Amino acid sequence: MDILNIKNLRKIYGTGETQVKALDGIDLTVKRGEFVAIVGSSGSGKTTFLNMVGGLDVPTSGEIIVDQKKIQELSDDELTVFRRRKIGFIFQQYNLIQMLSVWENIILPLKLDGRKVDEEYLLEIAQILGLSEKLKSIPSQLSGGQQQRVAIARALATKPALVLADEPTGNLDSKTSQDVLGLLKITSNKFNQTIIMITHNEEIAQLADRILRIEDGKIITR
């Protein structure tokens, strides 16, 4: 089953001679459970693409369908709820709440949405990610790799249709990056999560099921 369908996606900034085509007619289909890595040079359109798919920015034209929902047709309020329930975000900056424990950070998206916490599911994720002994700790007591694992657990907490990762290992050393991405792949396989990851690291990209290259706002390899 397809979890993401994109048709002729365009994002244009400016007009006339100053016009920039950040995305220039992208078509893409991603199946449920697939792990896709997107690579490309700086300014190629990778982050713009991820922001469009995540509903953080509005396309100039084209269609984005996530879990059978056309997200560009949603109101701002509907889109906020949709993002919270259907899309998990993992950023280069971990964006953890420093005053909350690891466990409180993980369940935060569920609490914000007034949803019941599936403790069995989340404890299993914590175990896979090596966080079982750290659930009462606060972020400042963790290493960078551990904090990124917490961010991964938080992204998976709502059982989202799609997980979007923007340079998730950008602040980590090579060994820790491999470990964290390996764990992300394990959780993806175990829970059939669909992941789209931006990375500049070709070695990290090899962990994905499929690698796409974006240059000048277009997908040039599949």
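Q: Taking a salt bridge as a side-chain nitrogen of Lys or Arg within 4 Å of a carboxyl oxygen of Asp or Glu, how many turn up in a search of the whole structure?
A: The search finds 17 salt bridges. This is a predicted model, in which local features need pLDDT of at least 70 and side-chain atom pairs count only at pLDDT 80 or more, while totals for chains, interfaces and linings use all residues. Residues are numbered from 1 along each chain as its sequence is written, and side-chain values use heavy atoms, with hydrogens and water left out.

Q: Which residue does the side chain of Lys-31 meet in a salt bridge?
A: Its partner is Asp-2, at 3.4 Å from N to O. Lys-31 belongs to strand S2 (residues 20-31) and Asp-2 to strand S1 (residues 2-13), so the pair ties together parts that are 29 residues apart in sequence. Strands (E, at least two residues) and helices (H or I, at least four) are DSSP runs, numbered from the N terminus.

Q: Switching to helices, at what angle do H4 and H6 pack?
A: Helix H4 (residues 119-128) and helix H6 (residues 174-191) pack at about 145°, with their axes 10 Å apart; axes are lines fitted to C-alpha atoms over the stretch in contact, and angles run from 0 to 180 degrees between N-to-C directions.

Q: Which residues make that contact?
A: H4 brings Tyr-121, Glu-124, Ile-125 and Ile-128, and H6 brings Leu-183, Ile-186, Thr-187, Lys-190 and Phe-191, where contact means heavy atoms within 4.5 Å. By class, six of these residues are nonpolar, one is polar and two are charged; Ala, Val, Leu, Ile, Met, Phe, Trp, Tyr, Cys and Pro count as nonpolar, Asp, Glu, Lys and Arg as charged, and the others, Gly among them, as polar.

Q: Now pockets: what volume does the largest one have?
A: About 360 Å³. A pocket is an open set of points on a 1 Å grid over the protein atoms alone, where a 1.4 Å probe fits, with protein on both sides within 12 Å along at least five of seven lines, and lining residues have an atom within 4 Å of a point. Grid points are joined across faces, edges and corners, and a volume is the space filled by probe spheres set on the points.

Q: What lines it?
A: Of the 15 residues lining the largest pocket, Arg-84, Ile-87, Phe-89, Pro-109 and Arg-154 are the closest to its centre. The largest share, four residues, comes from S6, and the lining has eight nonpolar, four polar and three charged residues.
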